[in-house]
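User: I would like to learn how to read the main features of a protein model. Could you take me through them one at a time?

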Amino acid sequence: MLMITGATGALGTLVTARLADRDDVVIGTRSPAPGGRRTDFDDPASLDFTGVGTLLVISAGAAEDDVVIARHEAAISAAEKAGVGHLVYTSLSGDGDHLTYALAHRWTERRLRASSLDWTVLRNGLYAEFLAAVAAPASDGTIAAPLGTGRLAAVAREDLAEVAVRVATDPAAHAGRTYELVGEDALGGADLAAATGGSYEPGTLAATREAITAAGQALPFQVPMLLSTYAAIAGGFLDGTSVEDRGTLRSLLGKEPRPAIEVYKATVRP
Ligand SMILES: NC(=O)c1ccc[n+]([C@@H]2O[C@H](COP(=O)([O-])OP(=O)(O)OC[C@H]3O[C@@H](n4cnc5c(N)ncnc54)[C@H](OP(=O)(O)O)[C@@H]3O)[C@@H](O)[C@H]2O)c1
């Protein structure tokens with residue numbers, strides 16, 4: 001049996017759609033439909049992985065580090081207790097070590113390597129859809145995100161879902177592997193503006209921090225998350241050049257990755 005946690009999120013939905021024709025797949029989510037299992041990492045008593053051969057754990061990273069670490073500890077610990085054979089974990093690309101949210105991912109990877117489970121780590125690069133959310137054009141077409149001259153090797157969420165399915169449905173072939181899954185083409189503010197017919201007028205981190213705080217929509221932990229993302233892109237850490245095997249995404253997909261710029265365009269101008 002293959003079980004997917006976090007199945008109703010954006011990535012999880014793409015994963016489960018690809019597995020819809022299989023009858024050995026169990027959906028784990030905080031609000032399960034009939035036939036699914038309630039799987040809330042904040043409630044360890046809810047974690048029932050009985051009979052699960054392969055568990056795909058979609059990271060539950062939107063929280064403070066101590067919360068995320070406790071969630072992932074609960075998931076791995078429950079998998080060990082239930083005798084799960086193989087755990088596949090969606091992590092963050094190695095070039096993302098400067099991001100505030102890298103810490104909980106690296107903690108989870110370390111915990112997994114020390115576990116009694118077979119494992120595979122999918123180090124997902126930042127989504128092209130996420131880039132569209134944090135560097136969208138304003139109504140006049142101006143992109144003001146503080147990306148400097150930096151670029152992001154963004155990756156289509158669909159591609160990451162496809163790889164997760166390939167790995168989770170043939171786990172033995174990927175045991176003990178950590179895959180860096182970043183895009184092949186890096187995108188900067190000027191590229192985004194050229195693709196959308198606008199202009200790129202990068203703001204500063206300070207002005208962006210002020211604007212995010214003033215908008216009042218971000219939770220306190222999300223402000224440094226976002227700022228560290230802009231700073232890491234602007235600093236040139238996320239352009240893919242430091243990723244050793246940049247062809248891993250293509251090779252696991254067995255085809256050319258979806259162009260991130262097309263995903264960006266479709267997301268900002270649906
Ligand atoms: N690479 C990137 O650009 C990027 C961007 C944003 C986030 N991420 C990370 O990748 C993960 C998946 O991305 P996404 O786009 O699918 O994010 P998303 O749409 O925000 O989904 C978040 C997921 O976290 C799960 N979750 C939250 N709290 C949980 C809990 N207490 N117990 C179990 N599951 C919990 C949710 O599961 P339910 O089905 O139960 O709701 C949901 O699937 C995120 O959670 C985050 O860690 C990556």
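This is a predicted model: local features need pLDDT of at least 70, side-chain atom pairs count only at pLDDT 80 or more; totals for chains, interfaces and linings use all residues.

Analyst: Residues are numbered from 1 along each chain as its sequence is written, and side-chain values use heavy atoms, with hydrogens and water left out.

User: How many helices and strands does the protein chain have, and why is it described as compact as a globular protein of its length?

Analyst: Helices (H or I, at least four residues) and strands (E, at least two) are DSSP runs numbered from the N terminus, and the protein chain has 10 helices and 11 strands. Its radius of gyration, taken over C-alpha atoms, is 19 Å, close to the 18 Å that the globule rule (2.2 Å times the number of residues to the power 0.38) gives for 270 residues, so the protein chain is as compact as a globular protein of that length.

User: Which residues touch the most other members of the largest nonpolar core?

Analyst: In soluble globular proteins, nonpolar side chains tend to be buried together. A nonpolar core is a set of buried Ala, Val, Leu, Ile, Met, Phe, Trp, Tyr and Cys residues joined through side-chain atoms within 4.5 Å, where buried means under 20% relative accessible area, exposed over 50% and partly exposed in between (1.4 Å probe, protein chains only). In the largest such core, of 33 residues, L131, L147 and L192 touch the most other members. The elements giving two or more residues to this core are α4 (128–134), α6 (189–196), α8 (222–234) and α10 (260–268), and the largest share, 6 residues, comes from α8. A second, separate core of 23 residues includes V88, L122, V163 and L253.

User: Is S93 buried or exposed, and what does it touch?

Analyst: S93 lies in the loop between β5 (86–92) and α3 (102–113), and with a relative accessible area of 2% it is buried. Contact means heavy atoms within 4.5 Å; not counting residues up to four places away in sequence, S93 touches R106, R123, N124, G125, E180 and V182.

User: Where is E64 found?

Analyst: E64 is found in the loop between β4 (54–57) and α2 (65–82), and it is partly exposed, with a relative accessible area of 43%.
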